[in-house]
Amino acid sequence: MAAAARRCQQFRRATPRNQEYGAAGRRVRCRARPRLECWATEHPYRARPGPVIHALAARLRALPPSCGPVRLIGVDGHAGSGKSTFAGRLAAVLGGAPVLHLDDIASHEELFDWTGRLLAQVIEPFARGEDARYRPYDWRARRFGPPRPLPCAPLVLLEGVGAGRRALRPRLAALLWMEMPAGRAWARGRARDGEEQREFWDGWTPAEREHFSADPTRPHAHLLVRQRPEGYEVLEGPSGTGRSRGDPHPE
């Protein structure tokens with residue numbers, strides 16, 4: 001797919017550290033978005049619990065639409081890195097923004113070869129300004145279920161491994177990467193899913209490693225999100241500085 005034309009735009013206001021509390025398809029026509037250069041400060045400061053994720057939400061709301069009228073926000077990272085939890089908390093601060101989990105788009109037979117399905121069921125309708133309807137995959141029954149609506153809202157979060165893949169980046173208003181080493185994330189995921197999913201994880205980890213080797217997300221992330229005991233820390237990403245850095249913790 002031809003990449004959408006992009007122009008550089010700087011956001012000079014600093015993004016502080018986040019200490020949140022509690023709680024291969026067809027080309028589609030989507031509006032090009034500005035690059036987020038210098039979205040976060042190089043010297044983030046500690047903030048009281050809560051304000052940082054609200055500041056992040058405010059910045060996302062201020063972005064121009066990236067796909068039809070939708071500001072599509074990608075949340076990517078290794079399996080087990082906390083993407084779903086973070087996306088859920090961010091969505092709540094955004095007033096209940098819809099979240100599409102890529103686990104609902106992938107399948108046993110197509111762990112990563114789901115781009116065409118996502119484009120046809122979600123991206124293309126959004127580009128036309130229409131609500132989407134996708135068929136979530138049932139991982140236990142091993143089949144796709146009945147269509148589920150996804151509103152063409154001002155902000156939609158796209159969460160899952162591969163959310164920042166090459167074919168989707170031109171459609172994203174912003175790309176966030178959960179900063180956690182692969183080995184640690186996979187260990188968390190295995191502990192979470194238990195012995196029942198051991199065989200699945202044995203197949204997943206080499207597939208994920210192969211995916212990110214061929215189509216890395218982190219070098220293109222605008223923001224890096226680190227989970228801390230007290231909440232989250234949000235830092236400038238490689239794409240935010242115009243530099244492309246590799247993952248310093250690939251395993």
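**View 1. Helix α5 in the lining of the largest pocket.** Helix α5 contributes five residues to the lining of the largest pocket, the largest share. The structure shown is a predicted model. Helices α2 (83–93), α4 (182–193) and α5 (198–214) each supply at least two residues of this lining.

**View 2. The centre and composition of the largest pocket.** The largest pocket has a volume of about 850 Å³. Its lining comprises 31 residues, and those nearest the centre are Asp-103, Arg-192, Asp-193, Phe-200 and Trp-201. By residue class, the lining of the largest pocket consists of 10 nonpolar, 10 polar and 11 charged residues.

**View 3. The two faces of strand β10.** Strand β10 spans residues 174–178, and five of its five residues are buried, so the strand is largely enclosed by the rest of the structure. In a regular strand, side chains alternate between the two faces of the sheet. Both faces of β10 are covered: buried residues Ala-174, Leu-176 and Met-178 lie on one side, while Leu-175 and Trp-177, also buried, lie on the other.

**View 4. Pairing of strand β10 with β3.** Strand β3 (residues 71–76) pairs with β10 in the parallel sense, over four bridges. Ile-73 has Ala-174 of β10 as its bridge partner.

**View 5. Pairing of strand β10 with β11.** Strand β11 (residues 223–228) also pairs with β10 in the parallel sense, over three bridges. Here Met-178 has Val-225 of β11 as its bridge partner. Met-178 is also among the buried residues of β10.

Notes:
Residues are numbered from 1 along each chain as its sequence is written. This is a predicted model: local features need pLDDT of at least 70, side-chain atom pairs count only at pLDDT 80 or more; totals for chains, interfaces and linings use all residues. Side-chain values use heavy atoms; hydrogens and water are left out. Buried means under 20% relative accessible area, exposed over 50%, partly exposed in between (1.4 Å probe, protein chains only). Two strands pair if DSSP finds at least two bridges between them. On a 1 Å grid over the protein atoms alone, a cavity is a set of points where a 1.4 Å probe fits but cannot get out, and a pocket is an open set with protein on both sides within 12 Å along at least five of seven lines; lining residues have an atom within 4 Å of a point. Grid points are joined across faces, edges and corners, and a volume is the space filled by probe spheres set on the points. Ala, Val, Leu, Ile, Met, Phe, Trp, Tyr, Cys and Pro count as nonpolar, Asp, Glu, Lys and Arg as charged, and the others, Gly among them, as polar.
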